[in-house]
Amino acid sequence: MSQNSKHIAYPIEIILNRQLADCLAIPVFITDTVGNLLFYNEPAEEILGKRYQDTGEMKVEEWSMFFLSKDEKGKLLEPEDLPLVKTLLNQLPYFKTFWIESLKGKSEKISVSSYPIIGRAGIFVGAVAIFWRPSDE
Amino acid sequence: MKITLWGVRGSIPTFNPSTRVYGGNTSCIEVEEDGCMLVLDAGSGITNLNFSNNLDCPRIDVLLTHLHIDHIQGLSFFKPLFDPTKEVHIWGPHTHAHSLRTRLGRYFSPPLSPFYFRDLICHLEVHEIGNSSFNIGPFTIQSAYVIHPGPTVGYRVTTRSGVFTYIPDHEPALGRGGLNHDIRWLSGSELAYEADLLLHDAQYTEEDYIVKKGWGHTTMEDALEFASVTKVKRLLLMHHDPTHSDAQLDACYAQLKEKTAYPFPFEMAVEGTGGGGGGGRPSGG
């Protein structure tokens, strides 16, 4: 008989963030520690142009291609300038307002807050990015 | 693995004629294998533990799921803690804010207690665990945080004779969509997966739960569904609500049997019985 369960569940900190996201009217993306997309809520589906029930989880290389991130002058932002990427690198919260452009060419000014998920054990288990429409809009 | 249920009541000890069958003591489970003992939680049921007829091992391990009062209130009456010849190990959930010893010290100090932690004269060791794996004698133990207010873990105990999972306080259905059937997104599923026996929180009826969402407990229906999703082989429902009489628990059980058709046996846990079969009433099938 196996000594431990072979089934791997997500840490409850990830699960609870999903449950919260599922109740919110603002777009929320939840990733693992390297940026693979574990969950996005219904409002976030509008940004991605995809439905979570269709895509399930996505590798970072896959979901990061669904929109472009640009500054006010239309210049592409480096990944290291994006809040979520910085959170993944540094395990700290970040905030930035910038422009995103969907694959269909639709541009939108967006503010992003990101934070690391660090559980009771003090272990970094993932990150959350919340997209806001800027208050000056 | 011999399992004895010394306390299966939730929240507060409840002794009156209407709780005589299922019992009124709060959570405490004894697990024995090869003369070694684990004590899961230290509710009021711990006072029923009998140390005279077992224990080849010189140590006793008390594994706490969390520090809500119904799970630790028996510690003050746990005789080995006051015996200098005994080696007692207390295991409990880690949290960043305060050590387990500090948090237990709140209970072992006035006005809640007439004595302090330092007055415990056994050889005492305190271990902080989270999403952990560790061995105690013949037991291999996996712990994991589960959804319940405050730091709370469940335990998966494995010996050569089987796998026993203990999650007495748990609200896996918390959230808009209720219980998630994708086990990767289901709190506690890693502990329960394919266990031979699951002893799980089932404090509420569906009616109770309408006004008690977020209180940290499970409906009987969700406990059954949780066991089904995690493919356990047998389920005992515990942490009975203190307001539920024997007659009400019997009626709940009859309703569950009537409206469900799970492939595994399930029963209501009964204090003083064993978990290896006949640990509940009435017999499930």
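Predicted model: local features only at pLDDT ≥ 70, side-chain atom pairs only at ≥ 80, totals over all residues.
**View 1. The open sheet of chain A.** In chain A, 6 strands make up an open sheet, arranged in the order S2-S1-S6-S5-S4-S3, and their pairing is antiparallel. At the edges stand S2 and strand S3 (67–70) of chain A, each of which pairs on one side only. From one strand to the next, the twist averages 35°. Strands of a sheet pair through backbone hydrogen bonds, in either a parallel or an antiparallel sense.

**View 2. The hairpin of S1 and S2 in chain A.** Strand S1 (residues 28–31) of chain A pairs with strand S2 (residues 37–40) of chain A over 3 bridges, in the antiparallel sense. Within this pairing, A:Ile30 is placed opposite A:Phe39 of S2(A). The hairpin has 5 residues between its strands, and A:Gly35 adopts a positive phi near 100° in this hairpin.

**View 3. Strands S4 and S5 of chain A, with helix H1 on the sheet.** Strand S4 (residues 94–102) and strand S5 (residues 107–118) of chain A run antiparallel and are joined by 8 bridges. A:Phe98 has A:Ile110 in S5(A) as its bridge partner. Helix H1 (residues 12–22) of chain A packs on the sheet, where it touches S1, S2, S5 and strand S6 (124–132) of chain A. The direction of H1(A) makes about 165° with that of S1(A).

**View 4. The interface of chain A and chain B.** Between them, chain A and chain B bury about 2500 Å², and 56% of this area lies on carbon and sulfur atoms. Chain A contributes 25 residues to the contact and chain B contributes 31 residues. The polar contacts across the interface of chain A and chain B comprise 7 residue pairs, both residues being at pLDDT 80 or more. On the side of chain A that touches chain B, the elements giving two or more residues are H1 and S2 of chain A. H1(A) supplies the largest share of that side, with 7 residues. By residue class, the side of chain A that touches chain B holds 13 nonpolar, 7 polar and 5 charged residues.

**View 5. Salt bridges between the chains.** Over all chains, the whole structure contains 15 salt bridges. Between chain A and chain B the count is 3 salt bridges. In one salt bridge, A:Asp22 is joined to B:Arg176, with the closest N and O atoms 3.4 Å apart. In another, the side chains of B:Arg184 and A:Glu57 meet at 2.9 Å, N to O. This pair crosses between chains: B:Arg184 belongs to the loop between strand S10 (162–167) and helix H3 (189–192) of chain B, while A:Glu57 belongs to the loop between helix H3 (52–55) and helix H4 (60–63) of chain A.

**View 6. The open sheet of chain B.** Chain B also has an open sheet, in which 6 strands follow the order S1-S2-S3-S4-S5-S6 and the pairing is mixed. Its edge strands are strand S1 (2–7) and strand S6 (123–129) of chain B, each pairing on one side only. The twist here averages 20° from one strand to the next. S1(B) pairs with strand S2 (residues 28–33) of chain B over 5 bridges in the antiparallel sense. B:Lys2 stands opposite B:Glu32, a residue of S2(B).

View 7. Helix H2 (residues 100–107) of chain B lies across strand S5 (87–93) and S6 of chain B, and runs at about 120° to S6(B). In the loop between H2 and S6 of chain B is B:Pro111. A cis peptide bond links B:Pro110 to B:Pro111, with omega at about 5°.

**View 8. A positive phi at B:Asp41.** B:Asp41 is located in the loop between strand S3 (36–40) and strand S4 (59–63) of chain B. Its phi is near 70°, a positive value in a residue other than glycine.

Methods
Residues numbered from 1 in each chain as written. Chains lettered and ligands numbered in written order. Heavy atoms only, no water. Pairing = 2+ DSSP bridges. Helix = DSSP H or I, 4+ residues; strand = E, 2+ residues; numbered from the N terminus. Axes fitted to C-alpha atoms, helices over the stretch in contact; angles between N-to-C directions. Contact = heavy atoms within 4.5 Å. Buried area = accessible area lost by both parts, 1.4 Å probe. Salt bridge = Lys/Arg side-chain N within 4 Å of Asp/Glu carboxyl O. Polar contact = N/O pair within 3.5 Å; in protein donor to acceptor, adjacent residues only side chain to side chain. Nonpolar A, V, L, I, M, F, W, Y, C, P; charged D, E, K, R; others polar.
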